[in-house]
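Let's take a walk through this structure together, one region at a time. Have the model open beside you and follow along.

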Amino acid sequence: MGERRGRIPARWRSAGRALLRVITVWAVSTLTLLLLAGLLPDFQLQSDDGDSLTVIAFTAALGAGAFGLLSAIVWPLIVRALLLVPALVLGLLVFFLNGSLLIVALWLIPDGRGAAAPETAVVVAAAMSAVASATSTALAVRDDGAYRRRLYRLTDRKRPRTARAGAEPVPGTVFLQLDGVGHRVLSDAVADGRMPTVADWLATTHNLTPWRTDWSSQTGASQLGILHGSNEDVPAFRWYEKDTGRLMVSNRPASAVELQRRAVERTGDGGLLTLDGASRGNLFSGGADQLALVLSVAARRGRRNRSRSGYFAYFSDPANAVRTAGSFVAEVLREVRQSVRARLRGESPRVSRGGLYPFVRAFATVVERDVVVAAVMGDMLAGRTAVYADLVAYDEVAHHSGPQGRDTDQVLARLDRSIALIAKVAEHAPRPYRIVLLSDHGQSPGETFESAYGLTLRDLVRAGCGLPVSRRVRRARGRSRTESGGGSEARDAARDALRSALHRPVDEAAEAGQDGAEAAAVAAARAPEPVVLASGNLGLVSFPGVPHRMTREEIDRLHPALLRTLAHHPGIGFLLVASEEHGSVVLARDGVEVPVAELAEADGRADEGPLAVFGPGAAAAVRRTDGFPHVADIMVNSMYDPATGAVHAFEEQIGSHGGLGGDQALPFLLWPRELPAPPAELVGAEAVHQVLRGWLRESEGPQVPLEISPSKRHAEAFLPADEPAVRDKHG
């Protein structure tokens, strides 16, 4: 009884402090309403006949109280009802919905003293939400208990999970993936002071190392390998599968769920996050039970796996919604300003940044960032064992602005602030946390292939196949006849190769002396046009009319000019194609032809082999991809200039990744020094998976959640869907 009497005063003190904070926020909100009523002509808090200051103040207090109650009770219900609304639309609706709540609050004031025009209500509601949030935060900062409770509320956590009796909670691990940030970009940002949080970590608690990607240096391959331990048979970001006739695209839900299913089937393991894990903003779940903005579950049916459900925890607080919506609009305007500035300055290289891109960028750099960061904070406050989150802001901006420059510098600085916020919240978590930073790939700069040579890879392939090409391509060919020596040697060589392809006759099967069976095979192959796909500076060419992987000899019989046209083009570094004689061969300019089996002799040696310019590990990466069941008939890697680090993307990107060449293949891994160091040479996403899994085991053996483990039924539920996936429009 004595102990109970001792606890009662503390509870009353806590309740008294909470009541004082509520009254203070209410008072500040009332003053804000009074100020806005005096400044805005279409907003009033008095009757038409006029009222005394006391009545006006009382009216403002009623309006502020009603708005606060509606925001606390009605707003979460509105957000939950709008989970099926696309994220971009939801972001734009935030201001309107918040303004509508204010109009309702004013309508509840007796005698009709409160009134506001709809557009004014939007402004007043935004200001009210911001002021209330700032006041509540300022009051809570000086009270650790209140600050923790506010964090729980903002991240939709009612209370922390507790450790088992008598057990000291072991450290949890948070993996933050900075999408597309290469090792050199991070190092430069730290050295230049753009990422002070990371700089402080490197000086005191963390180590940094680069790692090498596979040939397919993109998120689909890397994240699948990191989270699920296998990225076998992922030759690119996009590829065509002959056996199913399906176009696989890594960032489409139907493709993502299939890739995850294959990886789990191959490894026999659910993934890195199978036990007590959370996956936030990723392409794949990693076997986690807690999911938000995870693409591989977006194709599933059912409320539990709805990918947009991660928005609710964040947008259920109107202050969050208003702040993010305001930042969203600001980011759209920032992109428009930066794009106009680049155009006026004549910056080169440059790609189109109009249409929906400003809104896509704002979603990646603001909405996705805010939702994912809030989800990670909630996971730490809940005491989860392992969290893996992807922040895609830098990758999206670098594609259109270039890997290094003012635009991306600003993004890196904001990412550093997000990292600092997560580290601060970790101090209030019920268990200690180790924070690991890593990236899935880097980016390489360079003018696009089309901008450099006046045609796309698809145009060049069609020309080499003797198929009709657009007038633009023929004009590109014709310019070499009229120009008087002003063009570069590379451009002249490109036009020579194109002219040769366009003028060379296409041999018919009968003219080649083939028998009936061969002629039928050629006719079948010619029927559908070649499928040409771009994955950054990696191109894939497939002939859907032939069910197997075509050999060099078959391609030469079918399209005699194609391989020569591609291999001799100065914008192309090398080709990989199967061969009846050599198994598979790498083709390059000047007639270079090296069997894949012999590439080992040149791997990593600067003076030998067509892949030497691409650096150590290039040959091994090509050999591995050559063994994939769904490797394309022709794999095309662009040129790479080691002096400038430039490549030529086969799509509209001046910062690209997906193939070999430069910084795109060198992401980073930054880890706490208390963890074992990874191997000196870390090659491939699957190797990174093993390192991360080892670090999770380092927390006193196997992963142990703070509460009970999920049941078998629930564990099976967060593995890939067993029902048919919802197919996207491309299959």
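This is a predicted model: local features need pLDDT of at least 70, side-chain atom pairs count only at pLDDT 80 or more; totals for chains, interfaces and linings use all residues.

To see where the helices touch, pick out Arg369, Val373, Val376, Met377, Met380 and Leu381 on the α12 side. These residues meet Arg414, Ser418, Leu421, Ile422, Val425 and Ala426 in α14.

Now move to the sheet. Six strands make up an open sheet, in the order β12-β13-β17-β14-β15-β16, with antiparallel pairing. At the edges sit β12 (531-535) and β16 (593-595), each of which pairs on one side only. From one strand to the next, the twist averages 20°.

On one side, five bridges join β12 to β13, and the two strands run antiparallel. Ser535 has Leu538 in β13 as its bridge partner. The hairpin of β12 and β13 has two residues between the strands, and here Gly536 takes a positive phi near 70°. Strand β13 (residues 538-542) is also joined to β17 (residues 634-638), by four bridges and again antiparallel. Along that pairing, Leu540 stands opposite Met635, while Val541 stands opposite Ile634.

Are the residues of β13 buried or exposed? Five of its five residues are buried. Both faces are covered, with Leu538, Leu540 and Ser542 on one side and Gly539 and Val541 on the other.

Helix α16 (residues 457-464) packs on it and touches β12, β13, β14 (572-579) and β17. The direction of α16 makes about 150° with that of β12. Helix α22 (residues 618-626) lies across β14, β15 (583-587) and β17, and runs at about 40° to β14.

One last stop takes you to a single side chain. Gln260 lies in helix α9 (residues 253-267). Its relative accessibility is 1%, so Gln260 counts as buried. The side chain of Gln260 has a partner there: a polar contact of 2.7 Å joins it to the side chain of Ser296.

Notes
Residues are numbered from 1 along each chain as its sequence is written. Side-chain values use heavy atoms; hydrogens and water are left out. Two strands pair if DSSP finds at least two bridges between them. Axes are lines fitted to C-alpha atoms, for helices over the stretch in contact, and angles run from 0 to 180 degrees between N-to-C directions. Contact means heavy atoms within 4.5 Å. Buried means under 20% relative accessible area, exposed over 50%, partly exposed in between (1.4 Å probe, protein chains only). A polar contact is a pair of N or O atoms within 3.5 Å; within protein, one must be able to donate a hydrogen and the other to accept it, and residues adjacent in sequence count only if both atoms are side-chain atoms.
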